[in-house]
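Take a moment with the fold before reading on. The walk below starts at a helix and ends in the core.

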Amino acid sequence: MMALTTQSHSGIELRTNATIVAKAAKTFQVSTILTTAAAESFAGPMIDETRSVFPDDEVIDRTTINTVRLSSKRC
């Protein structure tokens with residue numbers, strides 16, 4: 001898990017906070033895209049606790065860490 005390199009919070013805090021945000025998104029029906037970054041070769045799989053909030057949804061495995069901006073228009 002790439003999050004292990006995070007130094008500002010413990011791994012437990014990071015996992016807990018990510019799960020809280022995921023649960024809030026589901027509760028308030030916020031559109032959510034589940035992604036990983038090169039899960040097989042680099043960053044590892046999605047955090048189990050977060051994944052369990054959306055068990056039936058597809059996880060998109062990106063091949064790069066940075067996402068691509070598809071539009072120059074700001075929302």
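Start with helix H1, residues 11-27. Its 17 residues should span 24 Å at 1.5 Å a residue, and its end C-alpha atoms are 24 Å apart, which agrees. The expected span is 1.5 Å times one less than the number of residues. Helices (H or I, at least four residues) and strands (E, at least two) are DSSP runs, numbered from the N terminus.

This is a predicted model: local features need pLDDT of at least 70, side-chain atom pairs count only at pLDDT 80 or more, and totals for chains, interfaces and linings use all residues. Residues are numbered from 1 along each chain as its sequence is written, and side-chain values use heavy atoms, without hydrogens and water.

Which residues of H1 are buried? They are Thr19, Ala22 and Ala25. Buried means under 20% relative accessible area, exposed over 50%, partly exposed in between (1.4 Å probe, protein chains only). Seen down the axis of H1, the buried residues fall within an arc of 120°, so they line one face of the helix. The arc is taken from the directions from helix axis to C-beta atoms. On the other side of H1, Ile12, Ile20, Val21, Lys23 and Thr27 are exposed.

H2 is part of what covers the buried residues of H1. Thr50 sits in H2, residues 48-51. Beyond neighbours within four places in sequence, Thr50 contacts Ala18, Thr19 and Ala22. Contact means heavy atoms within 4.5 Å.

Ala22 also belongs to the largest nonpolar core, with Leu34, Met46, Val53 and Phe54. Such a core is a set of buried Ala, Val, Leu, Ile, Met, Phe, Trp, Tyr and Cys residues joined through side-chain atoms within 4.5 Å.
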